[in-house]
Amino acid sequence: MVVAFRKKRAARLIVVWEQMKANMRRSPARLGSPARAASTCLMLVFLLPLVLRAEAQKIKIQYEKTTDFSKFKTYAWVPGTPVFDPHLDIYIQDRFAAELRRSGMIEAPVSAADVLVTYHAAHGTDISVGTALDPTFAASGGIPIAGHSVWETTGTGGAHVTKGSIAFEILDRGANRPVWIGTAKHAVSDAHHERWNEIEKALDKLFRRFPPRPA
């Protein structure tokens with residue numbers, strides 16, 4: 001309910017902002033007295049940052065255009081770089097898993113899943129993420145090494161996640177290569193009261209056309 005209210009409020013602010021700009025372009029005299037003009041300017045000072053935050057989020061989807069996502073029947077989670085709020089982390093995973101199930105996939109062990117999925121949230125600084133060289137941890141007997149994830153490598157060619165962004169990745173376990181990467185910039189806010197709203201907006205946009213259709 002709170003998230004829905006914030007979405008409606010942001011939408012209303014954008015409409016008000018656009019109307020104000022249109023009125024000022026058509027007739028500056030409509031602003032009226034100096035006191036009213038000063039009041040309008042003061043309102044803009046408070047509204048503009050909210051509008052900019054609502055418009056600043058940018059979504060980028062990259063996927064293997066020849067991949068038929070309908071062939072993937074199972075998925076498994078692997079460690080990534082989660083947000084530091086454990087409740088928000090669970091919510092993000094649940095949303096991602098819900099999209100995978102909606103596309104016909106069910107959860108399976110890492111060693112048997114068709115695809116591996118994870119996400120990386122860059123909060124305080126940029127992070128570099130490598131590609132998965134050993135997704136089933138075969139080199140360590142199937143047991144993850146403490147402090148490491150399958151996505152972290154010392155090689156080149158990995159993804160770069162900028163501060164404040166969240167990136168989701170789907171890896172074809174058989175081919176051992178990414179087939180879908182979705183990134184949302186300005187999605188991990190420093191302010192707690194904005195973080196949930198921004199994450200939900202990012203998830204809505206990222207999964208709006210998931211799974212993609214092959215070219």
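Leaving aside neighbours within four places in sequence, isoleucine 166 is in contact with Ile92, Tyr119, His120, Ala121, Gly182, Thr183, Ala184, Ala187, Val188 and Ile199, where contact means heavy atoms within 4.5 Å. The model is predicted, so local features need pLDDT of at least 70 and side-chain atom pairs count only at pLDDT 80 or more, while totals for chains, interfaces and linings use all residues. Residues are numbered from 1 along each chain as its sequence is written, and side-chain values use heavy atoms, with hydrogens and water left out.

**Nonpolar cores**

- The largest nonpolar core has 29 residues, and Phe96, Ile166, Phe168 and Ile170 have the most contacts inside it. Such a core is a set of buried Ala, Val, Leu, Ile, Met, Phe, Trp, Tyr and Cys residues joined through side-chain atoms within 4.5 Å.
- Two or more residues of this core come from each of strand E2 (74–77), H3, E4, E7, E8 and H4. Helices (H or I, at least four residues) and strands (E, at least two) are DSSP runs, numbered from the N terminus.
- H3 gives the largest share of this core, 5 residues.
- Another core, of 6 residues, lies apart from this one and includes Val78, Ala113, Leu116 and Leu171.

**Sheet and strand E7**

- The open sheet has 6 strands in the order E1-E8-E7-E4-E2-E3, with mixed pairing. Two strands pair if DSSP finds at least two bridges between them.
- Strand E1 (58–63) and strand E3 (106–107) stand at the edges with a single partner strand each, so one side of each has no neighbour in the sheet.
- In strand E7 (residues 166–172), 7 of 7 residues are buried. Buried means under 20% relative accessible area, exposed over 50%, and partly exposed in between (1.4 Å probe, protein chains only).
- In a regular strand the side chains alternate between the two faces of the sheet. From E7, Ile166, Phe168, Ile170 and Asp172 point one way and Ala167, Glu169 and Leu171 the other, and all are buried.
- Strand E4 (residues 115–121) runs antiparallel to E7 and is joined to it by 7 bridges; histidine 120 has alanine 167 in E7 as its bridge partner.
- Strand E8 (residues 177–185) is also antiparallel to E7, again with 7 bridges. Isoleucine 166 has alanine 184 in E8 as its bridge partner, and isoleucine 170 stands opposite tryptophan 180 in E8.

**Helix H3**

- Helix H3 (residues 86–102) has 17 residues, which at 1.5 Å a residue should span 24 Å; its end C-alpha atoms are 24 Å apart, which agrees. The expected span is 1.5 Å times one less than the number of residues.
- The buried residues of H3 are Leu88, Asp89, Ile92, Arg95, Phe96, Ala97, Glu99 and Leu100.
- At the start of H3, a side-chain oxygen of aspartate 85 reaches to within 3.0 Å of the backbone nitrogen of histidine 87.
- Just after H3, glycine 104 takes a positive phi of about 105 degrees.

**Aromatic pairs**

- The whole structure holds 12 aromatic pairs. Rings of Phe, Tyr and Trp (its six-membered ring) pair if their centres lie within 6.5 Å; planes under 30 degrees apart count as stacked, over 60 as edge-to-face and the rest as tilted.
- The rings of phenylalanine 69 and phenylalanine 72 have centres 5.8 Å apart and planes at 85 degrees, so this pair is edge-to-face. Phenylalanine 69 is buried at 5% relative accessible area, and phenylalanine 72 is buried at 4% relative accessibility.
- The rings of tryptophan 180 and phenylalanine 207 have centres 6.1 Å apart and planes at 25 degrees, so this pair is stacked. Tryptophan 180 lies in strand E8 and phenylalanine 207 in the segment after H4, so the pair ties together parts 27 residues apart in sequence.
- Tryptophan 180 is buried at 2% relative accessibility, as is phenylalanine 207 at 3%.
- Ring pairs link Phe69, Phe72, Trp77, Phe96, Tyr119, Phe168, Trp180, Phe207 and Phe210 into a cluster.

**Backbone geometry**

- Asparagine 176 is not a glycine but has a positive phi of about 55 degrees. Asparagine 176 sits in the loop between E7 and E8 and is partly exposed at 31% relative accessibility.
- Histidine 186, in the loop between E8 and H4, has a positive phi near 60 degrees. Histidine 186 is partly exposed at 47% relative accessibility.
- The peptide bond from phenylalanine 210 to proline 211 is cis, with omega near -5 degrees; proline 211 lies in the segment after helix H4 (192–206).

Notes
Polar contact = N/O pair within 3.5 Å; in protein donor to acceptor, adjacent residues only side chain to side chain.
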